[in-house]
Amino acid sequence: MTIQLSNSREFRLRITELEYSNLSHKEFIQEVQQIYLEEFGEVLPANIDIFHSSESVRLEGDTSGYDGTAIHFKSKENDINEIYVISQGSQGNDDWTYNIKAMFAGKDYSQAQMTNEFVKDVKNEFQISEKDNTVPIIGLSHSLAHNNNTTALLLYNTFDEVYSVNGAQTNYYQLFEADTNFQRELAKTFSISPDNRNAIYTIDPKALEAFTKDYYSQKAKRVHQTISYDDPLYGASGVRGFVTLGEVDMIDTNPTYKGIRELVDEIPDHVIEDFQQLAINFTVASKKDGNDQVIKDLVGFDPELLNGNPIANISGTYLLDQSKFSDMVESMNEKVPDLLDNVQVITQNADTIFGKLVEANYITTDQKTELVHVFEKVKKDLQDIEDIIWKMDQIRFDSVIPQPPPIAGDAILASRLYHNYTQILSQLETLNKEEYKKLMDTIVSSHSIAEMLEAIRSGNKSYQGTDMVYSTSQNGETILVNISASLRMYRDGKTVIQEKEEAIRRFELAVNREIEEEYLKQKHQVFTKVNDIEQNPAHYSMYLRKHIYFSRLSKTIRHISVHESIPPLQGVDFDYELSALRKQVTKGYDYIEKYRKAIEDLFHEDDRVSTLFSLI
């Protein structure tokens, strides 16, 4: 028997979103328990253990950027034993760098490798043999994580099932890099050398897509996807390299817009190929020595030689090492034209790109005109930069008659170069307008789990973010109640009141222990001493020595009578304060129960709400 959590798409989506919340283990468990209660109407019939990738021994020193959380549901009584691994989608710069290398260039699969390594550690942590196939390992994923989980399934058989929402699709170039069997069969089918890793980029993308689907058809049956038509990743998933595998349920999460898939599909394959080559070059460069090397390899520009005031910095460079500046100019002269060619692809297709955005209701005609103008201006500035670099190169190498050091010409041209640079930044500031920020927010929102949850709402149940919301009507008006927030308030409110009640109890015990009991103890010690003095007076004769001046003289105490007077304990009566504190606790309980009753009354015909409050 298993709890079959995979049968509830809403449950899967909501616990997948938890991965972005940076919760402690205790908080994560509490949220999973509440989500289960809300979705299934019963208490989770299993214990939960949490294991995060940051705790994984196998991932120590990992630089791929992989992040994930494993949830182990276990109950001997209910015969439950299954593991869910939530791989995290794109978050920081490392993830987006990986997106370029892995999913666009197809040259990296390290996060898929680390997904598999993490699952090995998960099994070890939860004391499951690596060869034990009786415990289901289910992958949950969103965005980049779909690529990680699905690729891990295809390469290493990491998961029994993978469930994803708005995922970054599998890439057959990436699989070619990673899977030697796939590589061998593909090379045989398309008559290319398996040793030439770039030969695959010359094969017709449609033929590669069909071959990949057929090759992985059996494993693909274990992949289940929910995708929004409006998701920007879905918009890009039709370009060369990407292949959509598994069972796919398409949802229109934002009917106001058509999505960007049609826009991307209009871009010619040779244009995508240009961008892909740029991504491949980026990957090769980044593997050498980080981002600084990327700038030098792709552009030829050394940021340390020209920064801020160009004339002042050029002067400093000439004084220190003129050859460095000359080498930079030569390198830029070779590389900037290729980069400009890539950039011009956007401007040459600007009318089509922005026209499609108008058709899809994302922007107005006026905004289209403005955006086309911005990118045309950027193109002109880039062309001027290309001309400047060419002239700098001419100053050095095309002169027949020996010339003095070209510092004067370089300084003037560098000033122009810096001017063009600032002009480009100025043009791009247009994209920071509030209207374009809202446009980006709209597009990005369609990638979110929250919009997907809202789209699959049913009956009187909907979602706000990942919180469950119930709707009801009173006097003809619709009332929305955030049930998740209400249950949290009820649960946390009672917890706070119980903690206060416990603090009052500890305070009362402290009063008894530290004051009343201590008073009685000290009083008892005094009477004990008095009794001893009265019963054994001879034992206290040493106190008379100060009155004896000659050793031959002595005195004896035959009787001691102590007249004691110990006043009663005063000024420590806390009954009033304790009574006032207890009344506050009672009021707190009354308030929170009234809050519960008010919500239950709104849904008086729906026993689910009352049940949720009772079970939380």
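This is a predicted model: local features need pLDDT of at least 70, side-chain atom pairs count only at pLDDT 80 or more; totals for chains, interfaces and linings use all residues.
Buried means under 20% relative accessible area, exposed means over 50%, and partly exposed lies in between (1.4 Å probe, protein chains only). Residues are numbered from 1 along each chain as its sequence is written, and side-chain values use heavy atoms, with hydrogens and water left out.

**View 1. The chain as a whole.** Welcome to the overview: the chain has 21 helices and twelve strands. Helices (H or I, at least four residues) and strands (E, at least two) are DSSP runs, numbered from the N terminus. A contact means heavy atoms within 4.5 Å. Among contacts between residues at least 6 apart in sequence, 68% join residues at least 24 apart.

**View 2. Helix 20 (residues 575-602) packs with helix 21 (residues 607-615).** The angle is about 155 degrees and the axes are 8 Å apart; axes are lines fitted to C-alpha atoms, for helices over the stretch in contact, and angles run from 0 to 180 degrees between N-to-C directions. Helix 20 and helix 21 are therefore roughly antiparallel to each other (angles under 35 degrees count as roughly parallel, over 145 as roughly antiparallel, 65 to 115 as roughly perpendicular and the rest as oblique). From helix 20, Arg-596, Ile-599 and Glu-600 meet Val-609, Ser-610, Phe-613 and Ser-614 of helix 21. The residues of this contact divide into three nonpolar, two polar and two charged; Ala, Val, Leu, Ile, Met, Phe, Trp, Tyr, Cys and Pro count as nonpolar, Asp, Glu, Lys and Arg as charged, and the others, Gly among them, as polar.

**View 3. Aromatic rings pair up: the structure holds 20 such pairs.** Rings of Phe, Tyr and Trp (its six-membered ring) pair if their centres lie within 6.5 Å; planes under 30 degrees apart count as stacked, over 60 as edge-to-face and the rest as tilted. Phe-182 and Tyr-216 make a tilted pair, 5.2 Å centre to centre with 35 degrees between the planes. Phe-182 sits in helix 7 (residues 180-190) and Tyr-216 in the loop between helix 8 (205-215) and helix 9 (217-220), so the pair ties together parts 34 residues apart in sequence. Phe-182 and Tyr-216 are both buried. Tyr-490 and Phe-613 have ring centres 5.2 Å apart and planes at 85 degrees, so this pair is edge-to-face. Tyr-490 belongs to helix 19 (residues 483-535) and Phe-613 to helix 21, so parts 123 residues apart in sequence are tied together. Tyr-490 and Phe-613 are buried too. One aromatic cluster is formed by Phe-182, Phe-190, Phe-211, Tyr-215 and Tyr-216.

View 4. Most residues other than glycine have a negative phi.
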